[in-house]
Amino acid sequence: GSVLNRGEWAMSAASGQSCTLSGNGSTSATVTFTNEGTLRATGAGVKFLNSRIAPLAFPSTGTVLVEAGELRTVCNATLSTGAAVSAGATFTNQSALTLGAPITGGGQFQSTSGTLTLASAIAQPIGIALTSTTVQGTGSLTLQGAVNSMNGGTLNAPVTVASGAALTLTSPTISRALTNDGTVTMSGNQTVTLAINTSSVLNRGEWIMSAASGQSCSLSTPIS
């Protein structure tokens, strides 16, 4: 099955409510929701694009607006033109997100699992919180937001921390080039692993390694 949106598709959920677009649970065939118009997420609740019932693909060359609450993609989503997230709102990836353009606005951008695939050189103006996520693809990522974090996961594409930006690392694996022109912080009782033969780190800003008494903070290659 397929849905083609060339107009406006509004998903609204009040606080404590949810609004879900998902595939038919009686089949394993992929359902495609193509956005060539505008997808608008409103209301303080959570709006799901959800593959947990049946596979859902969400290719978007149109406009995606997260005006309130949370828009959560638990599907194979491709945002060729990015998305705009208003202040107080959140865009969340929980499966497989491909970006052809940045996530903009005054809200929050996070990936709590799965993959973030870079289809081009992405200059990301708002901060991103990555948890258990693999950053990959043929493009690159420049972090421009004031606050960014990576908890676990793998950097498998070139990443740059811009001047004025900050990145907190909590036990990720770095498998490609990481360039720091801002501030990178590693705190106690965690290890940042540098993949052998494929990773490199260039620090032109400030790199902070912090460990309290009885703790350790390590930057190392894998233990074979």
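Guide: The model shown here is predicted. Ser 171 is found in the loop that runs between strand E24, residues 166-170, and strand E25, residues 173-174. The backbone at this position has a feature to note: phi of Ser 171 is near 55°, which is a positive value in a residue other than glycine. As for cover, the relative accessible area of Ser 171 is 36%. Buried means under 20% and exposed means over 50%, so Ser 171, at 36%, counts as partly exposed.

A second residue can be set beside this one. Asn 189 is also not a glycine and has a positive phi, near 60°. Asn 189 is found in a loop as well, the one between strand E27 (183-186) and strand E28 (190-194). Its relative accessible area is 53%, so Asn 189 counts as exposed.

For contrast, take a residue within a strand. Glu 70 is placed in strand E9, which covers residues 70-74. Glu 70 has a relative accessibility of 13% and therefore counts as buried. The side chain of Glu 70 makes a polar contact, at 3.0 Å, with the side chain of Arg 72. Leaving aside residues up to four places away in sequence, Glu 70 touches Gly 45, Val 46, Lys 47, Thr 90, Thr 92 and Gln 110.

Now the whole chain. Of its 224 residues, 41% count as buried. A compact globule of 224 residues would have a radius of gyration near 17 Å, and the protein chain has 18 Å, so the two agree. Taken along the principal axes, the C-alpha atoms fill a box of roughly 55 × 35 × 35 Å.

Contacts can also be sorted by separation along the sequence. Among those between residues at least 6 apart, 32% join residues that are at least 24 apart.

The chain has 7 positive and 6 negative side chains, and the centres of the two sets lie 7 Å apart.

To return to the part you asked about: Ser 171 is a partly exposed residue in the loop between strands E24 and E25, with a positive phi.

Definitions and conventions
Residues are numbered from 1 along each chain as its sequence is written. This is a predicted model: local features need pLDDT of at least 70, side-chain atom pairs count only at pLDDT 80 or more; totals for chains, interfaces and linings use all residues. Side-chain values use heavy atoms; hydrogens and water are left out. The radius of gyration is taken over C-alpha atoms; the globule rule is 2.2 Å times the number of residues to the power 0.38. Buried means under 20% relative accessible area, exposed over 50%, partly exposed in between (1.4 Å probe, protein chains only). Contact means heavy atoms within 4.5 Å. Lys and Arg count as positive and Asp and Glu as negative; His and the chain ends are not counted. The place of a charge is taken as NZ of Lys, CZ of Arg, CG of Asp or CD of Glu. Helices (H or I, at least four residues) and strands (E, at least two) are DSSP runs, numbered from the N terminus. A polar contact is a pair of N or O atoms within 3.5 Å; within protein, one must be able to donate a hydrogen and the other to accept it, and residues adjacent in sequence count only if both atoms are side-chain atoms.
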